[in-house]
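Hi,

Here's the structure I promised to pass on. Have a look at it first, then read on for what turned up.

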Amino acid sequence: MSINTSMDRRGFIAGSLAAGAAAAFGLAGCAAPTSSDKKDASGEEKTPQSNNADWLGEAPTINESDIVETIDTEVLVVGAGCSGLVAANFSAAEGAKTLLIEKYDMGTGLRGSGIGAVGSRKQKEAGVDIDPLEICNDLVHYSLNNSNMDLHRLWADHSGEAVDWYCDLVDGVDLCRIDLEWNMPTEKTRYKCWPTGHGAMLDNGKTGKDDASAEGVTYKVIEGNFTSMPNAELRYNTALECLIKEDGKVVGAYATNADGKYIRINASKGVIVATGGYANNPEMLAALQPELMKSLIGVVPFPNFNAQGQGIKACLWAGAVKDAQPTAMIFDRGIMRPDQRPGDPFAMDFGYFHMATQPFLKVDMDGKRITNESSPYDFLIHALSNRTERSWIDVWDSNWPEDIDRFHTVGCSTLIKREGTNQMDPEGIEGTAAIIDSLVESGQIVKADTLGEIAEAFGLDKETFEATVEQYNGFYDAQKDAQYGKEAFRLSSLRKPPFYACKLAGMLLCTLDGIRINTNFQALDADANPIEGLYVIGNDSGDYYNGTYPNLAAGLNAGRCVTFGMLCGKHVANL
């Protein structure tokens, strides 16, 4: 798989995003906190996030005389992404008049490498039985109990129903099928792997993100299901500006149409905000996750082109609060040239190397091993925050085909199609070999006959690097990682030339710190009280992660988005 970083028609990063940010940050006044919003339960003045963050600015002042259209609906859903598109479907299916708006000419929909669930029909057919209490305790362990266990239980208890609905709609449509990944490693892993991922693929093996791909097919089907309902309306090129709050209740929103003119949308039952987080807002990312920025070589252009933080800002302007701990979903697959350094993710000067996630030896720029290479994706990236440079060198030898088969990684890192997988990028051995050859040709992978040549190519200290490799080979021979405790079956040796190496850094997929919510998906204020009429789901919502993404529960975030979209859509429609 390759990722096109040229951005094409989505070239908003250098152009429209920068211009839009400059305009948005200068606006001032709609749905700002009232005097009562500015006091805590004791009556003391409190400092809302909206008053001490330059990236936030103030809500725009919009006069009724500026409105060119007023729309009355019952449920307004903002954002046609994984959660918003599902919420709109279920709201309309429950009989509520539902308007779904999307800033761009298409949404991201259910485009993801897998949708995580517990108790789906496909899991039952495969004999997969996951204890909800066990997996939920694993998830809150990753968050140090800073996430809301009740929200995890909502996902675990209802995700099977949500995925069954998804499968009923798209499984078997236009060569698309949904496969469950149930084939977990037989050997014990230090970090538990969960058979949760339900991935979409085409029978013809086509991958990618266009409309002819599996992800494109699922989007079109679910979009079409929504627009087929008589009480449903979908408006593209319609951008949220701010929420309308009257007497402490959110009653609608101001938006701009395709011509940039203001429209007012009255939503009698509520507004569901689902704009996807802020991964493609450079100013927000730099302000909220400055340490992460230093570790990144790129932002994945898909599915994040819509994720500019407007939903989060609108909620904060309306008196909501967000998670304090910055959290993101990060891939360890950003390949770069040997002379590059991370730190400027919006330069979009990077490539995507799928095999980088495989647990081969990874060393820092001093030639020293970093951590257990079999840990979740972002553990390596976090470990590098204390090193002289936040990039690393991935090293393997010519035994790599046998190694990756033995490693038996799961989720989106899978390279080999086997029974019980839902591999999204069916590269296999031949496809991976072709990718390696192309990256050798481009200079992003170094192929050499000696380890010394590898060290020289990347500026590593030769003696330190060779000593690291010798020690690592000894761990393989002993079948015991005495340094970091990696599983024996995921050890490998570096003895068979030619050797290969590449320089890597983090790739941002999405941000995961969002607006704090309760189990009805209502946005919470600084006193943890719900804001009437305001609901938040998807990557705009919080209370679900803390500092890391538990990627070994494959499809967890997409599963959260689909499940909470279903539950929130139903709930608001029935108010």
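Before the surface numbers, one term: accessible area is worked out here by the Shrake-Rupley method with a 1.4 Å probe. By that method the protein, which is a predicted model, exposes about 21200 Å², and 47% of that comes from carbon and sulfur atoms.

Now the overall build. There are 16 helices and 18 strands. The protein has 575 residues, and 62% of them are buried. If you take the contacts with a separation of 6 or more, 76% are between residues 24 or more positions apart.

Is glutamate 102 buried or exposed? Its relative accessibility is 4%, so it counts as buried, the cut-off being under 20%. You'll find glutamate 102 in the loop that runs between strand E2 (98-101) and strand E3 (115-116).

The largest cavity holds about 180 Å³ of space. It is lined by 18 residues, and Thr357, Glu373, Ser374, Ser375 and Tyr377 are the closest to its centre. That lining splits into 7 nonpolar, 7 polar and 4 charged residues.

The second largest cavity comes to about 50 Å³. Its lining is Gln358, Ile404, Asp405, Thr409, Thr414, Leu415, Ile416 and Arg418, or 3 nonpolar, 3 polar and 2 charged residues.

Cheers

Notes. Residues are numbered from 1 along each chain as its sequence is written. This is a predicted model: local features need pLDDT of at least 70, side-chain atom pairs count only at pLDDT 80 or more; totals for chains, interfaces and linings use all residues. Side-chain values use heavy atoms; hydrogens and water are left out. Helices (H or I, at least four residues) and strands (E, at least two) are DSSP runs, numbered from the N terminus. Buried means under 20% relative accessible area, exposed over 50%, partly exposed in between (1.4 Å probe, protein chains only). Contact means heavy atoms within 4.5 Å. On a 1 Å grid over the protein atoms alone, a cavity is a set of points where a 1.4 Å probe fits but cannot get out, and a pocket is an open set with protein on both sides within 12 Å along at least five of seven lines; lining residues have an atom within 4 Å of a point. Grid points are joined across faces, edges and corners, and a volume is the space filled by probe spheres set on the points. Ala, Val, Leu, Ile, Met, Phe, Trp, Tyr, Cys and Pro count as nonpolar, Asp, Glu, Lys and Arg as charged, and the others, Gly among them, as polar.
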